Amino acid sequence: MKLMPNINFSQQELTERVFTEMYSHGGEAYICLSDNPNTLFKIFFNPQTGEIVEMSDNKFKKITALYQKNIAGSVKPLSTISMDGRLVGYEMSYDQNDMPLNCLGMDRKDSIDILKRTKEILQNFDAKDITYGDVKDNKILVNIKTSEIKFCDMDNIRLGQYPIDLMGVDLRKYYEKRGTIDGATDAYMHNLMSLKQLKFPSNYTFYSGIILMFEQGRFPSKFKLAAQPIFESMINPEEFTGEYAIQHIKR
């Protein structure tokens with residue numbers, strides 16, 4: 001078993017880095033530039049106070065497992081990060097040519113290609129007992145030079161016995177109705193992302209808006225008939241077939 005390296009900062013050093021080298025931030029972590037152009041630091045914080053906090057044991061178990069597994073199609077954890085001896089984050093792989101899928105203006109053909117390839121990555125995750133969960137186009141990176149696809153935010157997945165830490169609104173609705181995060185979760189969320197990418201029913205659709213269209217009996221026309229039962233089953237997550245719809249897209 002490979003030992004995961006650790007980078008230790010003092011509180012002053014890490015606080016200064018957060019303020020001077022901020023790259024972005026989400027609901028639970030700051031993303032900062034590192035001294036290496038090919039990596040970023042993810043530092044966890046208290047969303048109420050902004051204070052740097054210790055990484056949960058659940059996240060630590062997942063990133064150390066991912067470090068051992070080296071899963072294709074994902075951003076890689078490389079080192080843990082400590083502040084005065086407390087684990088507060090981790091270093092991850094980074095490529096400056098990676099762009100979030102939601103920032104790329106693609107034509108229909110390219111969108112379909114990306115959606116089919118992301119389906120394959122999610123199916124590979126499932127084969128390794130991983131559920132990504134919150135499948136969204138802002139969490140998928142596409143390299144503008146190589147076209148390689150990576151999922152980011154990998155500390156928030158379900159990996160074996162270790163659950164998802166933070167659920168977005170749409171994933172939470174699915175979970176509350178189905179009662180579990182299971183093998184069908186990624187297919188359900190990917191179907192919603194696919195329809196959003198393919199602009200059904202309009203350019204700026206929320207996932208809830210897609211389900212509303214289904215409830216009203218309105219379904220996308222550019223899919224083969226085999227997709228219809230899949231879309232109908234998505235109205236009630238407990239009845240979802242667990243199938244990916246993108247395989248039934250019309251060219």
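**View A. Helix α3 against the three-stranded sheet.** In this predicted model, helix α3 (residues 108-127) lies across β9 and β10, and its course makes an angle of about 50° with β10.

**View B. The three-stranded open sheet.** The strands of this sheet follow one another in the order β7-β9-β10, and their pairing is antiparallel. Because β7 (98-100) and β10 (149-151) each have a single partner strand, they stand at the edges, and one side of each is left without a neighbour in the sheet. Direction ignored, neighbouring strands of this sheet are turned by 30° against each other on average.

**View C. Pairing of β9 with β10.** Strand β9 (residues 140-143) is joined to β10 over three bridges in the antiparallel sense, and Leu141 has Lys150 in β10 as its bridge partner.

**View D. The six-stranded open sheet.** Six strands with mixed pairing form this open sheet, in the order β1-β5-β6-β4-β3-β2. The edges are taken by β1 (6-9) and β2 (22-25), each with a single partner strand, so that one side of each is left without a neighbour in the sheet.

**View E. Strands β5 and β6 with helix α2.** Strand β5 (residues 77-83) pairs with strand β6 (residues 86-93) in the antiparallel sense over six bridges, and Pro77 stands opposite Met92 in β6. Helix α2 (residues 57-69) lies across both of these strands and also across β4 (39-44), running at about 145° to β5.

Terms used
Residues numbered from 1 in each chain as written. Predicted model: local features only at pLDDT ≥ 70, side-chain atom pairs only at ≥ 80, totals over all residues. Heavy atoms only, no water. Pairing = 2+ DSSP bridges. Helix = DSSP H or I, 4+ residues; strand = E, 2+ residues; numbered from the N terminus. Axes fitted to C-alpha atoms, helices over the stretch in contact; angles between N-to-C directions. Contact = heavy atoms within 4.5 Å.
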